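Reader: I would like to go through some backbone and packing features. Please give the general idea for each, then the case here.

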Amino acid sequence: MTITITAFERSPDGGRGLARDTRVRWALEEVGQPYQVRLVSFRAMKEPAHLALHPFGQIPTYEDGDLALFETGSIVLHIAERYAGLLPDDANARARAITWMFAALNTVEPPILELANAALLEADKPWHDERMPLVEDRVRDRLKQLSARLGGADWLDGAFSAADLLMVSVLLRLKSSGLLDAFPNLLAYLARGEARPAYRRAFAAQLAINAVKPTGD
Ligand code: GTB
C-alpha cells in the first residue's frame with residue numbers, strides 16, 4: 001500500500017515550500033519511501049471526508065493502509081520510528097533527538113508563527129507598529145539561545161535527524177525576515193538542511209504544484 005499524504009491544491013506561499021506538507025515530503029524522501037499526494041482545496045478541507053482524517057480541517061494528513069494520522073510532528077515522528085534514517089539507534093540519543101523535535105515545534109516555532117501572524121493578519125491595526133518590535137524580540141531571544149547551543153556543530157545532536165528536519169523547516173519561515181542574518185551559524189545550518197538531496201526533492205515536488213505560473217500577459 002502506498003503512503004498517501006495531503007497537501008494544498010495551491011499553497012498560498014506560491015511554492016516557497018513553507019506549507020507543512022513539505023516537512024512530511026522531506027521525511028519520506030530521507031527514508032526513501034515512495035508516496036502519493038492528494039491535493040485538497042480550502043473548501044474540501046472543511047468537508048466531512050477530510051474532517052474524518054483531520055479534525056481541524058487542515059493539511060497535511062498521512063494514510064498508510066489502516067493508519068491515518070494528522071499533525072506534522074506526529075507524522076514525522078511516525079516515519080522516523082518506522083523507517084531507518086531519521087533517528088539514532090542508541091536509546092538515549094533517540095530520546096534527545098525526540099526532545100529536539102518537540103523543542104522545534106513547541107519552543108522555537110510559536111514565536112515565529114506569532115511573527116508571521118502579526119505581519120500578515122494585523123498589519124492594519126493601529127497598534128501594529130508598536131507590537132512588531134516586541135514580537136521580533138521574542139523570536140530573536142529564541143534564535144540567540146538556539147544559536148548558542150548549536151555553536152559550530154553541523155546538526156543539533158550528532159548526526160542529522162528528524163529533529164534537524166523539523167528545526168530547519170521551522171527556521172525556513174524566517175528566511176525572508178532578515179532576523180537570521182545576525183546568526184551566521186543558523187544561516188549555515190539552514191543551508192546544510194536545504195542542500196540535502198532529500199530536501200531538494202521534497203521542495204521540487206511541492207514547487208511543481210505550487211509555482212506561481214506566469215499569466216502570459
Ligand atoms: N499543527 C498542525 C500541523 O503541524 O500539522 C498545523 C497544520 C496547519 O497549520 N496546516 C495549514 C492549513 O491546513 C497548512 S501549513 N491551513 C488551512 C486551514 O487551516 O484552513 C501552514 C502554512 C500555511 C501557509 C503558509 N504560507 O502560505 O506561507 C505557510 C504555512
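Reader: Where does Glu71 lie?

Author: Glu71 lies in the loop between strand 4 (67-70) and helix 4; helices (H or I, at least four residues) and strands (E, at least two) are DSSP runs, numbered from the N terminus. This is a predicted model, in which local features need pLDDT of at least 70 and side-chain atom pairs count only at pLDDT 80 or more, while totals for chains, interfaces and linings use all residues. Residues are numbered from 1 along each chain as its sequence is written, and side-chain values use heavy atoms, with hydrogens and water left out.

Reader: How should I read phi and the peptide bonds?

Author: Most residues other than glycine have a negative phi, and most peptide bonds are trans. Here Glu71, which is not a glycine, has a positive phi of about 75°. Ile59 and Pro60 are joined by a cis peptide bond, with omega at about 0°. Pro60 lies in the loop between helix 3 (48-51) and strand 3 (61-64).

Reader: Which residues come nearest to the ligand?

Author: A residue is near a molecule if one of its heavy atoms lies within 4 Å of it. There are 15 residues around the ligand, and Arg20, Lys46, Ile59, Glu71 and Thr72 come nearest.

Reader: How are helix 1 and helix 4 oriented to each other?

Author: Axes are lines fitted to C-alpha atoms, for helices over the stretch in contact, and angles run from 0 to 180 degrees between N-to-C directions. The axes of helix 1 (residues 21-31) and helix 4 (residues 72-82) come within 9 Å and cross at roughly 5°. The two helices are therefore roughly parallel (an angle under 35 degrees). Contact means heavy atoms within 4.5 Å; residues making this one include Ala27 and Leu28 of helix 1 and Ile75 and Ile79 of helix 4.

Methods. Angles under 35 degrees count as roughly parallel, over 145 as roughly antiparallel, 65 to 115 as roughly perpendicular and the rest as oblique.
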